[in-house]
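Here is a short briefing to read alongside the model. Please keep the structure open as you go through the points.

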2 protein chains.
Amino acid sequence: MLTNSNLPTFEGPVCPVPLIHNDVIVMGHGSGGRMTQELVDRVFKKHLSNPILGEANDFGSVPSISGRLAVSTDSHIITPLFFPGGDIGKLSVSGTVNDVAVSGAVPLYITAGFIIEEGFPVSDLEKIIISMAETAREAGVQLISGDTKVAERGKVDKLFINTTGLGWIPDNMQIGGQYAAPGDAGLISGTLGDHGIAVLAARGDLGFETGIQSDVAPLNHLIGAILSAAPHTHVLRDPTRGGLATTLNEIAVQSHTAIVLEEDKIPVRREVRSACDMLGFDPLYLANEGKMIVIVPEAEAGAALEAMLLHPLGQFAARIGTVQSTPHDRVLMQTPIGGSRILDVLAGEMLPRIC
Amino acid sequence: MLTNSNLPTFEGPVCPVPLIHNDVIVMGHGSGGRMTQELVDRVFKKHLSNPILGEANDFGSVPSISGRLAVSTDSHIITPLFFPGGDIGKLSVSGTVNDVAVSGAVPLYITAGFIIEEGFPVSDLEKIIISMAETAREAGVQLISGDTKVAERGKVDKLFINTTGLGWIPDNMQIGGQYAAPGDAGLISGTLGDHGIAVLAARGDLGFETGIQSDVAPLNHLIGAILSAAPHTHVLRDPTRGGLATTLNEIAVQSHTAIVLEEDKIPVRREVRSACDMLGFDPLYLANEGKMIVIVPEAEAGAALEAMLLHPLGQFAARIGTVQSTPHDRVLMQTPIGGSRILDVLAGEMLPRIC
């Protein structure tokens, strides 16, 4: 057995030199060793620290909780990483907070897995982390587990972030696509297609300037307001990839109902509509990252709409349709001149890497 | 209002043709629309189905739970995807199950986020999903939320998988790196470096053949056996990236203790040692994916070791060291001839993309 007396003594840190050189990520930052620790301490913990994360175990240990939980995971591969109205950091936290909150749950915790390309600027990573921290604060969630991997140059496109969220579902809360019922009203919390067009503009693919900002935002507080006003809400769902049309089709299939929309009630910004007209896109299939579909019994539809209109993230909310019993599993669009057409799901890919 | 009488009628599915052509992933599989649904139904749900996932909401809703929770996230970017003893599917489930189980928690649920390269063979994806399903069954965890993204060719290296795990921590369980205490015994559940060398061999980087298989495995049942035998276990930790040396250093820092290892007690396969000698690697810094460090009060050390030796995943377990009070925050290696040296953390990157 080694005794203390014959051990060397140590003065100061073993490795006093900074391990983040030249402001770029190198392979060693994904090693799990000292360079990873350095990156975690200097960039991640600096902005995302909390008592649970501070314990530095492989797991985050959550204080005692009792009840049903909602869990949702999402990987974010958006390009570009920064776009008008947000960035991949704000997107990754908002997207997962929203996916948890649509269960009627109170989002509490979030995890984040980063896959970073060798050579990625540490300063850009820090901007994104700050954005995640701000969004987490806005939503009221804590980051409790993180992971960092680095892939060689050319093996990952700059930065991918996976976020997984965990929320507590209050007793008696029963919200889900399967609960849409004939007679329900369908509402939307605001204008459609802003995120899709903002990202397209940031890619330089539009060929013209727009002032459109992405709507990316955590919607849990808006949802809280809706549920206070309309406690018997049947469905909440954020129309992200595939847009309003695809998301409503999922709900129609889950609930075995028909959802009938009134075309002239659907809020779309003039600039978004113009851009769509020129590019051949349909705003009903464009991704949104800060909008909520609400399907609610007729008796509470007015209260739900009022609650949205009073909230900063719901000021352009509108009632856009009704749930009917037939034709099962379908979404129909009623035009102002009295016609109707099937609104199908997105079959292929309109805009890749939008979230 | 549209009435049912003037609606068209529908017969059969709108899109009866299969959407997975030529056995390859295309961008549309990441759209969130019909092709994504098709991929999810034909590949993911076929093998990973369960009642929670079957609800098809954006969130998985977990039945009522009460107590503390352990949550852990990990992104897997290993190359190659298939290697002796496992694949990225088995790795992604095992790694996260193990990170949850080292808290003393019972792993219950897992989420999976897939980022797939355009052109990736669907048949390979299905093999990986089957492997995930088998590993989840072995570990006794359910997949409750999934996400699929597709990036253009050259923007992601074949397939990355993020997994996040959720476990229930029994009352009074207090396990973590901060609880290592002077006088404790340090045990390891088996041979070191097998995963690292197996992956290196699969890359063709060794220049010679080995029969080494990765040790990748879910260790929660082994941990259950250890905790039954040694209920006052202080620390459990799997020495993955950075290997035994780096992981023990983390524990020494967390607990402000010294961990003293006996070099000739550390189990390393002859073939692994030979490969390391030839390549200039140190097996103490190589990644393991099916090994557990156990730090336990001296009074329960024998029982913990016995429990491991009786378990198929612990048959080469050994007692390898002792915790002392000083020198704080250090790992020391005691050689058979009576010398000692500091065993530092991995500073840079020895083997990239090992997990």
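This is a predicted model: local features need pLDDT of at least 70, side-chain atom pairs count only at pLDDT 80 or more; totals for chains, interfaces and linings use all residues.

Chain B superposes on chain A by a rotation of 180° with 0.0 Å of shift along the axis, which is the relation of a two-fold axis. An open sheet of 8 strands takes its strands from chain A and chain B, and an open sheet of 7 strands lies in chain A.

**How the two chains relate**

- Two copies of a chain are related by a rotation about an axis and a shift along it.
- For chain B on chain A, the rotation is 180°, the shift is 0.0 Å and the RMSD is 0.0 Å.
- That is the relation of a two-fold axis.
- The copies meet through the same surface, because 100% of the interface residues of chain B are also interface residues in chain A.

- Follow the strands in the order β5(A)-β4(A)-β6(A)-β1(A)-β1(B)-β6(B)-β4(B)-β5(B), and you have walked along an open sheet of 8 strands with mixed pairing.
- Its edge strands are β5 (142-151) of chain A and β5 (142-151) of chain B, each of which pairs on one side only.
- From one strand to the next, the twist averages 25°.
- Helix α3 (residues 88-101) of chain A lies across β1 (60-76), β4 (106-117) and β6 (159-169) of chain A.
- The angle between α3 of chain A and β6(A) is about 30°.

**The sheet of 7 strands in chain A**

- This open sheet has the order β8-β10-β7-β11-β9-β12-β13 in chain A, and its pairing is mixed.
- At its edges are β8 (235-237) and β13 (340-342) of chain A, each pairing on one side only.
- Neighbouring strands here are turned by 25° against each other on average, direction ignored.
- Strand β9 (residues 258-262) of chain A and strand β12 (residues 330-334) of chain A run parallel and are joined by 5 bridges.
- For A258(A), the bridge partner in β12(A) is R330(A).

**Helix packing in chain A**

- Two packed helices are described by the angle between their axes and the distance between the axes.
- In chain A, the axes of helix α1 (residues 34-48) and helix α4 (residues 122-139) come within 8 Å and cross at roughly 25°.
- That makes α1(A) roughly parallel to α4(A), and their crossing is right-handed.
- From α1(A), the residues L39(A), V43(A), F44(A), K46(A), H47(A) and L48(A) take part in the contact.
- They meet V122(A), L125(A), E126(A), I129(A), I130(A), M132(A) and A133(A) in α4(A).

**Helix packing in chain B**

- Helix α1 (residues 34-48) and helix α4 (residues 122-139) of chain B pack at an angle of about 25°, with their axes 8 Å apart.
- α1(B) and α4(B) are therefore roughly parallel to each other, with a right-handed crossing.
- Among the residues that meet here are L39(B), V43(B) and F44(B) in α1(B), and I129(B), I130(B) and M132(B) in α4(B).
- The contact of α1(B) with α4(B) involves 10 nonpolar, 1 polar and 2 charged residues.

Note on methods. Residues are numbered from 1 along each chain as its sequence is written. Chains are lettered from A and ligands numbered from 1 in the order in which they are written. Side-chain values use heavy atoms; hydrogens and water are left out. Axes are lines fitted to C-alpha atoms, for helices over the stretch in contact, and angles run from 0 to 180 degrees between N-to-C directions. Helices (H or I, at least four residues) and strands (E, at least two) are DSSP runs, numbered from the N terminus. Angles under 35 degrees count as roughly parallel, over 145 as roughly antiparallel, 65 to 115 as roughly perpendicular and the rest as oblique. A crossing is left-handed if the near helix is turned anticlockwise from the far one by less than a right angle, and right-handed if clockwise. Contact means heavy atoms within 4.5 Å. Copies are superposed by least squares on the C-alpha atoms of residues with pLDDT of at least 70 in both. Two strands pair if DSSP finds at least two bridges between them. Ala, Val, Leu, Ile, Met, Phe, Trp, Tyr, Cys and Pro count as nonpolar, Asp, Glu, Lys and Arg as charged, and the others, Gly among them, as polar.
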